[in-house]
Amino acid sequence: MLKIEAVTKSFGGVRALANVDLSCESGEILGLIGPNGAGKSSLVNAISGVIKLDEGSVKLGGQNIAGHGAEFCARAGVARTFQNIRLFKELTVRQNIEVALITCAKVRPHIASKINIDTLLEEYNLLHFSDVPAGTLAYGNQRRLEIARALALGPKLLLLDEPAAGMNEAESEVLTVAIENIRRNVGCATIVIDHDLQFINKLCDRLCVMDQGRVIKSGDRTEVWADARVIEVYTGRPIEN
Ligand SMILES: Nc1ncnc2c1ncn2[C@@H]1O[C@H](COP(=O)(O)OP(=O)(O)OP(=O)(O)O)[C@@H](O)[C@H]1O
Ligand SMILES: [Mg+2]
């Protein structure tokens, strides 16, 4: 579904993305991990049209979506959440979902007609907050609303930037089930960034590890955690042999 090739992006002298290749299939949950500043959010920003690439291509279902901006990517089927939550804070919880659903109805009417706002709010435990401004919700509820809003777009590709940040173990357990349900019910390609490796290992089929703007390893969990460079990045110590 998603195929990224040779994506490069610098901010002044900082090379945030250096020749990144990545793919993610429909129904797959890919874990994107790496230390602070590795380039994970920049990659998600590049895929979702939030930042412009210097070089490289981003294809969704064969369509090149790079260079057209965030609205184009959203219409093409890329939905996302942000590391620093970006809801329409003045709008109510329901209105936040409605905004996404309006877009979905324009570009994917057959999917929009199957999305029921009450069901979605219920699923994310937000129904009783329907009519309150999104900005007044507690942090965990705002994170869940961002995911629900992303789903109302009827995504082909869902990008979750640190969805479990600030959650306790019980909350991230609930989130794991919710994301597994997305795979089952929506079947989109999903990329999840998080620093909680227990959460990532439980959820993801395949991992992609970034460091200093590069992908240093991708593969299944066992393969990735057996890689000396990955261990070095996480422990700060070189592994001999
Ligand atoms: N808009 C920007 N302007 C300037 N520099 C940026 C910008 N966005 C990212 N960077 C820089 O690019 C590099 C990669 O940042 P990025 O936010 O992608 O890392 P990350 O892997 O998401 O880190 P974290 O785990 O801390 O969220 C960092 O050096 C960061 O300071
Ligand atoms: Mg980040």
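Residues are numbered from 1 along each chain as its sequence is written, while chains are lettered from A and ligands numbered from 1 in the order in which they are written. Because the model is predicted, local features need pLDDT of at least 70 and side-chain atom pairs count only at pLDDT 80 or more, whereas totals for chains, interfaces and linings use all residues.

**Whole chain**

Start with the C-alpha trace, which spans about 55 × 40 × 35 Å along its principal axes. The radius of gyration is 18 Å, in agreement with the value near 18 Å for a compact globule of 241 residues (taken over C-alpha atoms; the rule is 2.2 Å times the number of residues to the power 0.38). Colour by secondary structure to find 10 helices and 10 strands (DSSP runs numbered from the N terminus: H or I of at least four residues for helices, E of at least two for strands).

Of the 241 residues, 40% count as buried. Buried means 20 or more other C-beta atoms within 10 Å of the residue's own, exposed 12 or fewer, and partly exposed in between, with C-beta atoms placed from the backbone.

**The open sheet**

Select β2, β1, β4 and β5, which form an open antiparallel sheet in that order (two strands pair if DSSP finds at least two bridges between them). β2 and β5 (63-64) each have a single partner strand, so one side of each is left without a neighbour in the sheet. Inside the sheet, β1 (residues 2-11) and β4 (residues 55-60) pair over 5 bridges; L2 has L60 as its bridge partner.

Next select ligand 1 and its shell: F11, V14, A16, G34, N36, G37, A38, G39, K40, S41, S42 and Q83. A residue belongs here if its C-beta atom, placed from the backbone, lies within 6 Å of the molecule. The shell divides into 4 nonpolar, 7 polar and 1 charged (Ala, Val, Leu, Ile, Met, Phe, Trp, Tyr, Cys and Pro count as nonpolar, Asp, Glu, Lys and Arg as charged, and the others, Gly among them, as polar).

β2 (14-24) and α1 (40-47) each supply at least two shell residues, and α1 gives the most, with 3. Just after the helix, G49 takes a positive phi of about 80°.

**β3, β9 and β10**

Move to β9 (residues 206-211), which pairs in the parallel sense with β3 (residues 29-33) over 4 bridges. I33 stands opposite V209 there. β9 also pairs with β10 (residues 214-220), in the antiparallel sense over 6 bridges, and D211 stands opposite R214. The β9-β10 hairpin has 2 residues between the strands, and Q212 takes a positive phi near 50°.

**The core**

Select L32, V78, A148, A152 and V192, which touch the most other members of the 68-residue largest nonpolar core (buried Ala, Val, Leu, Ile, Met, Phe, Trp, Tyr and Cys residues joined through C-beta atoms within 7 Å). Leaving aside neighbours within four places in sequence, the contacts of V192 include I29, L32, L160, I179 and C204 (contact: C-beta atoms, placed from the backbone, within 7 Å).

**N96**

Finish at N96 in helix α3 (residues 93-107). N96 counts as buried because 23 C-beta neighbours lie inside 10 Å. Not counting residues up to four places away in sequence, N96 touches L87, F88, L91, A134, L145 and R149.

How values were computed: Two residues are in contact if their C-beta atoms, placed from the backbone, lie within 7 Å.
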